[in-house]
Amino acid sequence: MGLTRNRRKKEPEIVIARDTESSSSEEEDDYPLSESEKEDEEVKIELDKSKAKGKAPITVKLKKVCKVCKQPGHEAGFKGATYIDCPMKPCFLCKMPGHTTMSCPHRVVTDQGILPTSHRNTKNPIDFVFMRQLQPRIPPIKPPYVIPDQVHCAVIRYHSRRVTCLEFHPTRNNILLSGDKKGQIGVWDFAKVYEKSVYGDIHSVQVNNMRFSPTNDDMVYSASSDGKVGYTDLETGTSSTLLNLNPNGWQGPTTWNMLYGLDINSDKGLVLAADNFGLLHMIDHRSNNVTGEPILIHKKGSKVVGLDCNPVHPELLLSCGNDHFARIWDMRKLQPGESLNDLAHKRVVNSAYFSPSSGTKILTTSQDNRIRVWDSIFGDLDSPSREIVHSHDFNRHLTPFKAEWDPKDASESLIVVGRYISENYNGAALHPIDFIDSSNGQLVAEVMDPNITTITPVNKLHPRDDVLASGSSRSLFIWRPQEKAEMVEEKEKEKKIVICYGDSNKKGKKQKRGSDDEDEDDDMFSSKGKNIKAKAKTTKSTRKTKA
């Protein structure tokens, strides 16, 4: 018969040994004592008396306090690859009480925290009419997914601060643009690997979004937290400012404007940018001049972090922000409070996108660890068709996670998103990148590399090639399917990983060397698992296929 032991863990103790020798008092009479000094003197006398009596040394006990609820007796947070929940709070993954993250049913039952809610029947006669119109575009049989699951090339410590956004060139398949927290924009030819540039004089702080010009594929628009919309020539690095919301410089946090959401409506010839006060700004990209007055599209004083124009119906605009809503707007009658639909969420909405081909679906990512999918914008939008539980709720010092569509998927179902909670893979704590089938919420694949021990929140799928670009801390990675990656390696036979210890080939403003170039976020979110040395074909991935 086993014995049950209820032993409390010993709390750490600090022992302050009493000095056996009497303290010197040679200078006691040299200076008069103040009242506080007299009290201190009395304490010293009492201590001297206790020494004479031979009492035991003073013992001070330090109690561990939980970082989440600030209560003693327990601890919470990551311990290696394991997340320890606070017993005073609900499950960190699904936000429901009664269990922990490690035993969460959304995690252990259906693969790494991904589980769809019950599928609602949202079909109505209007849906069937539109489905008939769109049917020629949608194949009757879903093609097999092609997953980029092996790191083909990389630039380590490419940026001086963490990567915040990625964008592929619209016509040149091997060009990748990246923005970072310091305001730099990088241009990398990942086919040649070593050809890379960083423009450092475009913005002064974080680049939040980038879009290529619809009329000139060598020009790129960028929105930054410095309140500017930049217009940059990638060949020369010259940049002009189209919109500056802070012409007088820093006047305090209550008046400082920051730009987050950015998109281009080619049909109307507009560059759309949204700020941290809920306002939408419009620029005519044909003349590059601001047009109209700013329009309040979200709650006053809230950030509008995402904008997306419908690819088929250009009059429709989708926005999302910190007021816990994603909103659909009619560009023909933009007025405050007159949105077509308001999609409610429980927490901040990191991103909202129309489906890339038909524009009839909506995909959102919220900080409540939910990915939401609406199957039809013409049906009932009061509640989503599916909610997918996924780990992307973080605290700070990290670029927000955004689930994005695969633009090559004709079925408009495959999405990609990074994972926050780490997993234990052969002794290493890694943060995989998840490929999810949004039509049923199932995990299609999780890709990871044992040499990437930091979190990868920024991911972008190539619009034409089977390529995934990832931004992890200050580094960039290019993933390809294993078969294609091996074929390319056999042809080229050269090392495909570049490590930037100092400043790379930077155009524009020179960057200072030293502590300013070091990103405090780089090591803050590194997993604490065992380091694994790079070996040939060490990249691991897990594939899940439907029976």
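Buried means under 20% relative accessible area, exposed over 50% and partly exposed in between, using a 1.4 Å probe and protein chains only. Both Lys 460 and Glu 404 are buried. The model is predicted: local features need pLDDT of at least 70, side-chain atom pairs count only at pLDDT 80 or more, and totals for chains, interfaces and linings use all residues. Residues are numbered from 1 along each chain as its sequence is written, and side-chain values use heavy atoms, leaving out hydrogens and water.

**Salt bridges overall**
- A whole-structure search finds 21 salt bridges, each a side-chain nitrogen of Lys or Arg within 4 Å of a carboxyl oxygen of Asp or Glu.
- Side chains of opposite charge can pair when their charged atoms come close.

**Lys 460 and Glu 404**
- A salt bridge joins the side chains of Lys 460 and Glu 404, at 3.4 Å from N to O.
- Lys 460 lies in strand β33 (residues 458–461) and Glu 404 in strand β27 (residues 404–405), so the pair ties together parts 56 residues apart in sequence. Strands (E, at least two residues) are DSSP runs, numbered from the N terminus.

**Arg 327 and Asp 323**
- The side chains of Arg 327 and Asp 323 form a salt bridge, 2.9 Å from N to O.
- Arg 327 is buried at 13% relative accessible area. Asp 323 is buried too, at 11%.

**Asp 406 and Lys 408**
- Asp 406 and Lys 408 pair through their side chains in a salt bridge of 3.0 Å, N to O.
- Asp 406 is buried, at 7% relative accessibility, whereas Lys 408 is partly exposed, at 27%.

**Network**
- Salt bridges with shared partners link Glu 167, Arg 211, Asp 263, Glu 404 and Lys 460 into one network.

Technical notes. Helix = DSSP H or I, 4+ residues; strand = E, 2+ residues; numbered from the N terminus.
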